[in-house]
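Welcome, and thanks for having your viewer ready.

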Amino acid sequence: MGKIVCFPSLSEEQQQQIQKAAPGYTIKVGKAKDLDPSELKEAEIILGWSPLVTEHALHKDSPLKWIQVWSAGVDNLPFAELQQNNIQVTSANGVHAIPITEIILGMMLSHSRWLRQAMLYQQQAEWKNPGKALPELHGKTAVIVGVGEIGTETARVLQALGMRTIGVRRSGKDVPHVDRMYDMSGLHEALSQGDYVINILPLTDETRHIYDQNTFNHFKNDACFVNVGRGPSVNTEALLAALQSGKIAFAALDVFEEEPLPSSHPLWGMENVLITPHIAGSTEQYTHRALDIFIKNLEAYVAGKTLPLNLVDYSHKY
């Protein structure tokens with residue numbers, strides 16, 4: 001039988017789960033940089049990703065057949081080489097639905113209920129109120145761009161709060177808890193209706209800088225923008241201009257074109273911007289959920305069946 005190389009740190013119990021799903025396979029666990037290159041050269045299955053895979057495992061006589069990436073995003077993979085070598089790739093898409101939904105809700109409430117501003121005044125020991133009635137999320141419209149598992153869960157929660165939900169996805173296929181769905185050709189029409197616009201798009205050639213000046217011009221006046229998708233999907237200068245002009249009332253940003261965001265960047269000093277350091281997907285349940293995906297795929301792989309979860313489509317690069 002073949003060899004499975006696992007880059008994530010796994011407990012003995014978790015390694016036994018893998019062994020049970022793939023009896024007869026040899027399992028090697030260790031960080032890519034710490035492993036002998038021969039381990040990568042002999043791998044039939046790799047759990048995780050490292051540039052060292054390209055260097056040591058993508059060779060002419062490689063037995064490598066499948067890579068289960070440990071992340072949901074796959075935009076950093078060398079798709080041309082992987083496709084040329086006929087290697088299947090699956091992602092950990094789905095592990096983030098709960099934590100990212102929670103941070104989206106927190107970002108929205110931090111603006112609508114004045115929580116971010118109150119925290120700033122707290123640091124100055126200053127008792128100050130907003131001087132006006134605070135808005136509610138109830139009755140507002142949320143546009144979710146990039147509706148997959150995260151977007152579907154977000155729509156469920158926002159609907160429960162009494163919000164109208166509009167979705168945008170490549171296929172335009174309806175999903176539960178989204179009141180109206182558009183395909184990407186209807187992006188601008190959808191954006192014009194949103195009090196809140198939530199970006200969860202993956203990064204592809206088509207989505208890079210999809211939020212440019214023209215796109216922001218289609219936002220509803222005083223809309224709020226939440227980006228937990230990919231930083232390069234947004235033209236930062238166009239976003240900055242939209243915030244400065246008041247076209248966008250508030251932006252909550254977890255991802256950026258350049259990370260870390262340079263300390264000199266004007267976004268840091270803007271009162272209508274909330275910045276988090278790419279933590280939206282962080283969760284104590286990550287390893288458990290990602291390993292469940294791998295085990296289900298591994299059981300199918302060993303049985304000679306099609307990988308059932310998160311098989312990457314090379315034509316779309318996600």
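In what order do the 7 strands of the open sheet lie? Keep in mind that you are looking at a predicted model, then colour the strands: the order is β8-β7-β6-β9-β10-β11-β12, with parallel pairing. Strands of a sheet pair through backbone hydrogen bonds, either parallel or antiparallel.

Next, pick out β8 (180–182) and β12 (273–275), which stand at the edges of the sheet. Each has a single partner strand, so one side of each has no neighbour in the sheet. Going from one strand to the next, the twist averages 15°.

Now zoom in on β6 (residues 141–145) and β7 (residues 164–168). These two strands run parallel and are joined by 5 bridges. To find one of the paired positions, select Ala142, whose bridge partner in β7 is Thr165.

Then show α10 (residues 236–245), which lies across β10 (223–227), β11 (248–253) and β12. Here the angle to β11 is about 135°.

Our next stop is Asp183, in the loop between β8 and α8 (187–191). Is Asp183 buried or partly exposed? With a relative accessible area of 34%, Asp183 is partly exposed. Show side chains, and you will find a polar contact of 2.4 Å between those of Asp183 and Ser185. Leaving aside neighbours within four places in sequence, the contacts of Asp183 are Val168, Arg169, Arg170, Ser171 and Gly172.

Finally, turn to the aromatic rings. A search of the whole structure finds 11 aromatic pairs. One of these joins Phe79 and Tyr314, edge-to-face, at 5.9 Å centre to centre and 85° between the planes. This pair links distant parts of the chain, with Phe79 in helix α4 (residues 79–84) and Tyr314 in the segment after α11 (286–302), 235 residues apart. Both Phe79 and Tyr314 are buried.

Then select Trp114 and Tyr121. Their ring centres are 5.7 Å apart and their planes at 25°, so this pair is stacked. Trp114 counts as buried at 14% relative accessibility, whereas Tyr121, at 22%, counts as partly exposed.

How values were computed: Residues are numbered from 1 along each chain as its sequence is written. This is a predicted model: local features need pLDDT of at least 70, side-chain atom pairs count only at pLDDT 80 or more; totals for chains, interfaces and linings use all residues. Side-chain values use heavy atoms; hydrogens and water are left out. Rings of Phe, Tyr and Trp (its six-membered ring) pair if their centres lie within 6.5 Å; planes under 30 degrees apart count as stacked, over 60 as edge-to-face and the rest as tilted. Helices (H or I, at least four residues) and strands (E, at least two) are DSSP runs, numbered from the N terminus. Buried means under 20% relative accessible area, exposed over 50%, partly exposed in between (1.4 Å probe, protein chains only). Two strands pair if DSSP finds at least two bridges between them. Axes are lines fitted to C-alpha atoms, for helices over the stretch in contact, and angles run from 0 to 180 degrees between N-to-C directions. Contact means heavy atoms within 4.5 Å. A polar contact is a pair of N or O atoms within 3.5 Å; within protein, one must be able to donate a hydrogen and the other to accept it, and residues adjacent in sequence count only if both atoms are side-chain atoms.
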